[in-house]
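Me: I am new to this structure and would like to learn how to read it. Could you take me through a few features, one at a time?

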Amino acid sequence: MQRVGVFVCHCGHNIGSVVDVEKVVEYAKQLENVAVADHNLYSCSEEGLGSIKKSIRENKLDVVVVAACTPRTHEPLFRRACEQAGVNKYLFEFVNIREHCSWIHAKEKEAATEKAKRLIAMGVAKASLLTPQKEGEASVIPVAAVIGGGIAGLTAAASLVSQGIETHVIEKEARLGGLLNNISVIGPEFVETEPLIRRLKEDLERSPQAHIHLESRIVELGGFIGNFDIKIAEGAKTTDFKVGAIIVATGGRELEPTNVYGFGKIPTVITQMELEKRLAGGAAPSSAIFIQCVECRQPGREYCSRICCNVTLKNALRIIRSNPNARVTVLHRDIMSYGTTAERLYREASESGVSFMRYGLESPPKISEKEDGASVEVFDETLNENIGISGEIVVLATPIISQEGTAETAKLLKVPADKNGFFLEAHVKLRPVEFATDGVFICGSARWPSHVTECIAQGLAAAAKAAIPIRGGKVVIEAITAEVDVERCAACGNCVLACPYEAIEMTVIDGKRCAKVNEAQCKGCGTCVAACPNDAMQQKGFTTRQLGAMIDALIKNCKEEAVE
C-alpha cells in the first residue's frame, strides 16, 4: 500500500482567501492511503519545500500530492524536491486548485472549497497507482541548422559557430541580410545597417564551421530532437544533412498595399521601403505625409505591427535633418513608440516641427493626385474638423506580415502558426524562443514583427537554447511517453495514423508484428491511447487504470456529498 502525503498551498491570498485550506486538509487526512496531510503558506518557497522534504523523510512517504497553483511553472520545482528527499520524481501528482478553484470561483467560496476536495480526492486516487519511471536519453548530432539569413538568423548562426558548433544557414534569397539589405539606417538609434550585416556575414564566411546555402529551400524534413534529417533544394541540386537542432528565423516582409490610398495609381504614393531607398540615395523630399496603420488594425488584420511607428519617426527625422525647412506630417490612429529610446525619438520629432494628426478608422484620409505631388484631406479628431494638406510624397506605413511559404514550413517542422501566419512559440513568457516541438527554436519576425534589437536578442537567445542539447551531447526524454503492450497489440495501425508527431511505426518484435513508439519523438499527448481499440497503448503516468481511479474517486465524493 502506497503511503501518500498531501500538501495544500495557501499561495498567500491567491488560494487561501477563497478556498478553506484547513478544511481541505482535514478532508484529505481521511482519504484512503493518505499517511499525512498538511498546508503551507507558500509551498514553493524554500521554507515550504523544506517542510515537504522533511515530511517525506519523517513519514516515510512513497507518493506526494501537492495542491497549489499551475503545474506548468511549479511542477519541476516540486519534482526536484521529491528527488532530493529520496522519492522518484514521477511518484508525484500536481493538483491545480488556483486556476481550477480559487480564481474561477472567487465569489463562491464554499463551492470552491468543495471542488478543491474533489480534485484532491482524484489526485490521491491517481497518485496511489503511480509507479516509478526512468527517463531515457537520446544522443544529439552536434550540428545546427538556421532557416533564414536575416539579422535574427545571422545573429543566431554567428553565435553558434563562435561556440564551435557546425551550422547550416539556409537562405531563400541570393544574398544574406534579409530586409536590412533594403534599409540603410535603423532607428531609433540611427545605426547604419551595412557594417552590422557585413560583420555577421564575415564572421560566418571565415568560419570553417559555417555552411551557407543561398537560393535554397527545405523540401523534406524528418526526425526528432538530436537527429533531424534535412533535404534542401539548392539551385539545381539537392543536399542532405543531419542536425541536432533547428532555429527558424524566416523573418517577415512588408505588406504591399492593395487598392488603397491610390497606391500603384498615383506615382507619389509610396511605401516605407521605397522611401528608404530614396533616402539612402540622398533624395530627401521637401514635404512628406505619412499615413500610419495602412491595412492593419482593422477587420481582417487586427494586429498592430509595432515597429511601423518607429520607422516613421526615424524617416521623418531623417527628412527634417536633411532639410530643416521640410514639412512633414504624420497621420495616425495612435503612435506606438514603445521603449524609452523610441519615446525620445517621438519627442524629438515633435520638437523638430513634425506635425501629428489623429484620424479614425471610420474616416480614413482621402488622397488625390497633384502636379507636384499629392493632396490629402483628413478629419482631424483633435480639432474635430476636416484638414487639407499637400506633400511631395505620401508614405504608407504598412505592417510586417509573415513570409510566403510559412504554412509549408510549419507543416514540415510540425510547428503551429497563428491566424496571421506568424509562428507560435511554446509559451510567450516561459518559453519565448522555443516551439512545443523539442529541438526546434524560433527568433525574430518569424515569431512576430520585431525591431532589429529584438531580433538580435532573440537570435542570441535561440542560439543559447539550441546549443544546450548540442553541447551536452544528449537529451533527456521525459517519462510521460506512450508504450505498447505487445501482447494486446493487433497491428491495426490506428495509432500510427493518429500520432501527430509521427512517433509510432509498425515493426516486428519476437516474430509478432506490432506498434513501436520512438520515445524521443513522442510528446505524451495520448492520442494513440484514445485511438487504440484493444487498450494496447498506454501513456506513462496517465494509464487507463489511473484515470479510471480518478473518475471513481469523483463519483464516490459526489455520492458522499449527496448523502450529507
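Me: How many aromatic pairs does the structure hold?

Reply: The structure holds eight of them. Rings of Phe, Tyr and Trp (its six-membered ring) pair if their centres lie within 6.5 Å; planes under 30 degrees apart count as stacked, over 60 as edge-to-face and the rest as tilted. Please keep in mind that this is a predicted model: local features need pLDDT of at least 70, side-chain atom pairs count only at pLDDT 80 or more, and totals for chains, interfaces and linings use all residues. Residues are numbered from 1 along each chain as its sequence is written, and side-chain values use heavy atoms, with hydrogens and water left out.

Me: Why is the pair of Phe78 and Phe92 called stacked?

Reply: A pair of aromatic rings is described by the distance of the centres and the angle of the planes. For Phe78 and Phe92 the centres are 6.1 Å apart and the planes stand at 20°, so this pair is stacked. The two belong to distant parts of the chain, 14 residues apart: Phe78 is in helix α4 (residues 71-84) and Phe92 in strand β4 (residues 92-96). Helices (H or I, at least four residues) and strands (E, at least two) are DSSP runs, numbered from the N terminus.

Me: And how are the rings of Phe78 and Phe94 placed?

Reply: Their centres are 5.7 Å apart and their planes at 65°, so that pair is edge-to-face. Phe94 is also in strand β4, 16 residues from Phe78. Together, Phe78, Phe92 and Phe94 form one aromatic cluster.

Me: Is Phe78 buried or exposed?

Reply: Buried means under 20% relative accessible area, exposed over 50%, partly exposed in between (1.4 Å probe, protein chains only). Phe78 has a relative accessible area of 2%, so Phe78 is buried. Phe92 is buried too, and Phe94 counts as buried at 10%.

Me: Which charged end sits over the ring of Phe542?

Reply: A charge sits over a ring if NZ of Lys or CZ of Arg is within 6 Å of the ring centre and within 35 degrees of the ring normal. Here it is Lys126, 3.7 Å from the centre of the Phe542 ring. Arg321 lies over the face of Phe190, at 4.2 Å from the ring centre.

Me: What is the order of the open sheet of three strands?

Reply: Two strands pair if DSSP finds at least two bridges between them. The order is β20-β21-β22, with antiparallel pairing. At the edges are β20 (366-370) and β22 (385-391), each pairing on one side only. Seven bridges join β21 (residues 373-380) to β22, and Ala374 stands opposite Gly391 in β22.
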